[in-house]
There are 2 protein chains.
Amino acid sequence: MANTEAHGLLDDLHDLVETRLRRVDQRYTAGRRAIIDLIVTAGNPVSIADIATRLPDLPRSSAYRNLVDLESAGLVRRIVGHDEFARFELAEDLTEHHHHLLCVACGKVIDITLAAGLERNVSEAIEEIASVEGFRPHGHRLDVLGVCGACA
Amino acid sequence: MANTEAHGLLDDLHDLVETRLRRVDQRYTAGRRAIIDLIVTAGNPVSIADIATRLPDLPRSSAYRNLVDLESAGLVRRIVGHDEFARFELAEDLTEHHHHLLCVACGKVIDITLAAGLERNVSEAIEEIASVEGFRPHGHRLDVLGVCGACA
DNA sequence: ACTTAGACTGAGACTGAGTCCCATTGCAAG
DNA sequence: CTTGCAATGGGACTCAGTCTCAGTCTAAGT
C-alpha cells in the first residue's frame, strides 16, 4: 500500500490484489478488477444493487461468485447493515481499522474512525471479557445506528 | 421493572409488556406471551429456528407477525449476527445496555457489558463524530466476532 | 346476554436476495 | 497445440421472510 509516485495508489492496490489472488491460485479477471475499482472509488461500502447498476454487464451470478472469492482471499469484507442487503468494502488490512454510521432510513453506510487511544481501550476490554467467556475474538465492529443528514 | 416480592420479576415484566402493548391498542395474547417467555428464559438472543423448535404449535407466520408487532412496540430488538438468520432479544429499556460476542462458526450470541466508564467514552466519541457528519445517532452496537469455547 | 369493531390467527401462496449447476470459454504451462 | 483448471454466464433453484384472506377471539357498549 505504500509506494512510489510513478503509478497511482490505485495501481498499487490492484497489484497487491493480484498477488494475493495468485497466492491462492486465482486470477485477477476483468470482472474482479471492475468490482475492486468500484468498491475503492465509491468510498463507502457498496451493495449488490450498486454493483448491478454501475456494472450492468456483469451478471449477478458472477458478481456474487467474485465477491465470495475476493472475500475468502481476505481482500473484501461483507458487512450487514440495518436493511436486508449485504454490502461490501475492502478488507481492513487494505485500508485501516474503522467503523460505520448506519442510516436506518435509507441504509447508507458512512465510514468513521475512532481516536487511537479509545480504540485501544475498547480492544483491551474486549480481550478481557472474551477470555472470561472462553471466547477467542478475531475482531470487532462498532456500528452506530441513526439517521443521516439527507434523511433527517 | 422494580417491584414487590409478591410475584416474581418475570410477572412484572409481563405486566410491563402488556401495558406497553395496550398503549398502542394491541393485546398480549398467548403467542406473544410465549415468545417473551422464551426470549427471557433463554438468556441469549433467540433465532426463529429456536422459536420454531421450542414453540412448535406457533405457526411461522404468527411468530414473525408477533415479533414485528413486539418490535414496533419497542419491546423486542432484532439483531443481525454473522449468519443469515435474524435473532431477537428484549429491547434495551427492558434490560440494560449491552453488547455481543458472535461466534462465526455456530452463530451463537453471548451478551456482554462494558465497564461504565469505557461505555461513556465510546458514547461521547460517537456523538462527536456523528455531529461532524451531520448524522443523528439513535444508539450503537458493538459486536465482537470470533469463535466460542464450544467451537474452538 | 347480544352485538359489533377491529385485533388476531393460521395456512398457504408469494417474493426476492442469494446460491447452485453445468455447458462453454479463456488462460497459462509443458 | 493441447491439456488442465480457473472462470464465466444465465437460468433454475432455495428458503428466510412477507403477504393475503377468510375465519376467530376479545373487549367494550347497550
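**View 1. Strand 4 of chain B pairs with strand 5 of chain B in this predicted model.** The two strands run antiparallel and are joined by four bridges, with strand 5 covering residues 109-112. One pairing to look for is His100(B), whose bridge partner in strand 5 is Asp111(B). Together the strands form a hairpin with five residues between them, and in the turn Gly107(B) has a positive phi of about 85 degrees.

**View 2. Strand 4 of chain B also pairs with strand 6 of chain B.** Here the sense is parallel, again over four bridges, and strand 6 spans residues 136-147. Follow Leu101(B) across to find its bridge partner, Val144(B).

**View 3. The residues of strand 4 of chain B are buried.** In a regular strand the side chains alternate between the two faces of the sheet. His99(B), Leu101(B) and Cys103(B) point one way, while His100(B) and Leu102(B) point the other. Five of the five residues are buried, so strand 4 is largely enclosed by the rest of the structure.

**View 4. Both protein chains contribute to the surroundings of DNA strand C.** Sugar and phosphate make up 65% of the DNA strand C atoms that come within 4 Å of the protein.

**View 5. Side chains meet a phosphate and bases of DNA strand C.** A polar side-chain atom of Tyr64(A) sits 2.9 Å from a phosphate oxygen. For Ser61(B), a side-chain N or O atom is 3.1 Å from a base nitrogen, and for Arg65(B) the corresponding distance to a base nitrogen is 2.9 Å.

Terms used. Residues numbered from 1 in each chain as written. Chains lettered and ligands numbered in written order. Predicted model: local features only at pLDDT ≥ 70, side-chain atom pairs only at ≥ 80, totals over all residues. Heavy atoms only, no water. Buried < 20%, exposed > 50% of the residue type's maximum accessible area, 1.4 Å probe, protein only. Pairing = 2+ DSSP bridges. Near = heavy atom within 4 Å. Polar contact = N/O pair within 3.5 Å; in protein donor to acceptor, adjacent residues only side chain to side chain.
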